[in-house]
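The sequence and the structure are shown first.

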Amino acid sequence: MVKIEKKMRLNSMNSREIPDLAEHLRRAGLRPTVGRVGMLAAIIQIGEGYHYPEDILRELLRQGRLGSITTIYRVLADLTSINFLQRSFDVEGKAKYRLADASIAAEEICLVCERSGRSITVHESELRKKLDQLAHQHGMETSSSPLLIRVNTVTKIENSERN
């Protein structure tokens, strides 16, 4: 019964205003779960600009969807890691999120620090092409979204210990 209910809720999210979120998630390498699709739909419903996780939870509850703040944070991390969402911090250091800029080209490579969440976008189509070819040679397929490379920031102390 739970599977039927989830499937019905997922189907009820589809409308003219909301793009095919499930397909976008698949292309980016994420399974289109009810939570992920529902959260993206809620963010689209809220509108442009940055939103706090609590605002997203309120929108989900307003729409009659179940949700918890822990699920919100987990899905926000998933969607930020594949560049569907951009994270920023307010003056008090609290994280807020918005839909990523749609103009990001598929040729781009994004370096994302796992420690800080900071990201650098590299506009290098030749390097992207070579990485896509290498993946293909090894039986892998890259998505049409920007290539994501996870990195870790090296502190000055760690850097001096290496020398």
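K129 and E126 join their side chains in a salt bridge, with 3.6 Å from N to O; the term denotes a side-chain nitrogen of Lys or Arg within 4 Å of a carboxyl oxygen of Asp or Glu. The model is a predicted one, in which local features need pLDDT of at least 70, side-chain atom pairs count only at pLDDT 80 or more, and totals for chains, interfaces and linings use all residues. Residues are numbered from 1 along each chain as its sequence is written, and side-chain values use heavy atoms, with hydrogens and water left out.

K129 and E126 lie three residues apart in helix α6 (residues 125–137), so about one helical turn separates them. Helices (H or I, at least four residues) and strands (E, at least two) are DSSP runs, numbered from the N terminus. K129 is partly exposed at 43% relative accessibility, and E126 is partly exposed at 43%. Here buried means under 20% relative accessible area, exposed over 50%, and partly exposed in between (1.4 Å probe, protein chains only).

Helix α6 also holds D132 and R128, four residues apart and thus separated by about one helical turn. Their side chains form a salt bridge at 3.0 Å, N to O. D132 is partly exposed at 24% relative accessibility, whereas R128 is buried at 4%.

The structure has six salt bridges, among them the following.

| Pair | N to O distance |
|---|---|
| K129 and E126 | 3.6 Å |
| D132 and R128 | 3.0 Å |
| E54 and K94 | 3.1 Å |

The side chains of E54 and K94 pair in a salt bridge. This pair links distant parts of the chain, 40 residues apart: E54 belongs to helix α4 (residues 53–62), and K94 to the loop between β1 (85–89) and β2 (95–99). E54 is partly exposed, with a relative accessible area of 25%, and K94 is partly exposed at 33%.

Helix α4 also packs against helix α3 (residues 34–46): their axes come within 9 Å and cross at roughly 100°. The two helices are therefore roughly perpendicular, a class that covers 65 to 115 degrees. Axes are lines fitted to C-alpha atoms, for helices over the stretch in contact, and angles run from 0 to 180 degrees between N-to-C directions. On α3, the contact involves G38, M39, A42, I43, Q45 and I46; on α4, it involves D55, I56, E59 and L60. Contact means heavy atoms within 4.5 Å. These residues comprise six nonpolar, two polar and two charged; Ala, Val, Leu, Ile, Met, Phe, Trp, Tyr, Cys and Pro count as nonpolar, Asp, Glu, Lys and Arg as charged, and the others, Gly among them, as polar.

Technical notes:
Parallel < 35°, antiparallel > 145°, perpendicular 65-115°, else oblique.
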